[in-house]
Amino acid sequence: MRRVILLAAALLGAACQQGPVSAPTVSQDVSPLDRLRADGDALVARGDYANAVEKYRQAIDLDSRVVGPRLGLGAAYSFLDKRPEAIAQFRWVLARADASSPEHQEAYRWLSRVGALPAPVVTDASQKEPSRPTVDPAMVGRLVGKTEWPGVTPQRKLVSGALYLTGDESVTQDVRRQRAFRLGDAYEFRDLPGGRYRVVAVVDGTTIWDEKVNVETGKDTNLVLSQTTSPVPADRFAPAADKPAAEASARSR
């Protein structure tokens, strides 16, 4: 648990341009695997990510089923800007770690932040689906809205990405939804328990929206995702003919 907290702190520290955190004290009475993992954690804390990769790999060679060194390896790769390798390790953790474990939660947060959560499994529509219990509309809500970007519609310029909805408080923390979207189109998330949520929109690895919303039961909650609330400039996705106007508008703000 302490090592996971260390890695999470290191990830946040790098994002905020802070100095490395202090390395944990390692007991002398530990297994070779635990010592390699602890050495890797210490190297990450010092910013020596290349050597940390080697320590985590050695730990995985001793036991390929352990989760901790995989999480550390993913973190080290992320600091080295080896995004595909980091994604592979964090997805491995996400698929095998217990959902309530700190390793699983940290892997999910990282993948969600970079828009690399695994795509949902698509089943054959011809297969008969098991019957589902009827949902009482009064007990759930629906989040609806539209994505808006100056000059961009699916007909004029196709820009697609992924929308991630995750619970943002204790009563909704187990809710995780994902769906594709197109700029200029409407979207919806159905059958949501009432409470606070976080909505993240990612296009080509770039987060273009990160909004919070409170969904009420028994009704539709509307959330318009507009370029005015996005950290990404308007000309990022504007059609070529509209880029000069978009750039002029951005300079005038």
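This is a short chat about a predicted model of one protein chain.

Me: What should I know before reading the numbers?
Reply: The model is predicted, so local features need pLDDT of at least 70 and side-chain atom pairs count only at pLDDT 80 or more, while totals for chains, interfaces and linings use all residues. Residues are numbered from 1 along each chain as its sequence is written, and side-chain values use heavy atoms, leaving out hydrogens and water.

Me: How many helices and strands does the chain have?
Reply: There are 7 helices and 8 strands. Both are DSSP runs numbered from the N terminus, helices being H or I with at least four residues and strands E with at least two.

Me: Which strands does strand 1 pair with?
Reply: Strand 1 (residues 140–148) runs antiparallel to strand 4 (residues 186–193), with 6 bridges between them. L143 has F189 as its bridge partner there. Strand 1 is also joined to strand 7 (residues 220–222), in parallel, by 3 bridges, and R142 is opposite D220. With strand 8 (residues 225–226) the pairing is parallel over 2 bridges, and T147 faces L225. Two strands count as paired if DSSP finds at least two bridges between them.

Me: Changing topic, how many residues are in the largest nonpolar core?
Reply: It has 32 residues, and V44, F90, V93, W110 and L111 have the most contacts inside it. Such a core is a set of buried Ala, Val, Leu, Ile, Met, Phe, Trp, Tyr and Cys residues joined through side-chain atoms within 4.5 Å. Buried means under 20% relative accessible area, with a 1.4 Å probe and protein chains only.

Me: And what does V93 touch?
Reply: Apart from neighbours within four places in sequence, V93 is in contact (heavy atoms within 4.5 Å) with V67, R70, L71, E103, H104 and A107. A second, separate core of 24 residues includes V152, L165, L183 and Y187.

Me: What lines the largest pocket?
Reply: It has 14 lining residues, with Y108, R109, T166, G167 and R176 nearest its centre. Helix 6 gives the most, 5 residues. On a 1 Å grid over the protein atoms alone, a pocket is an open set of points where a 1.4 Å probe fits, with protein on both sides within 12 Å along at least five of seven lines, and lining residues have an atom within 4 Å of a point.

Me: How much of the chain is buried?
Reply: Buried residues are 42% of the 253 in the chain.

Note on methods
Buried < 20%, exposed > 50% of the residue type's maximum accessible area, 1.4 Å probe, protein only.
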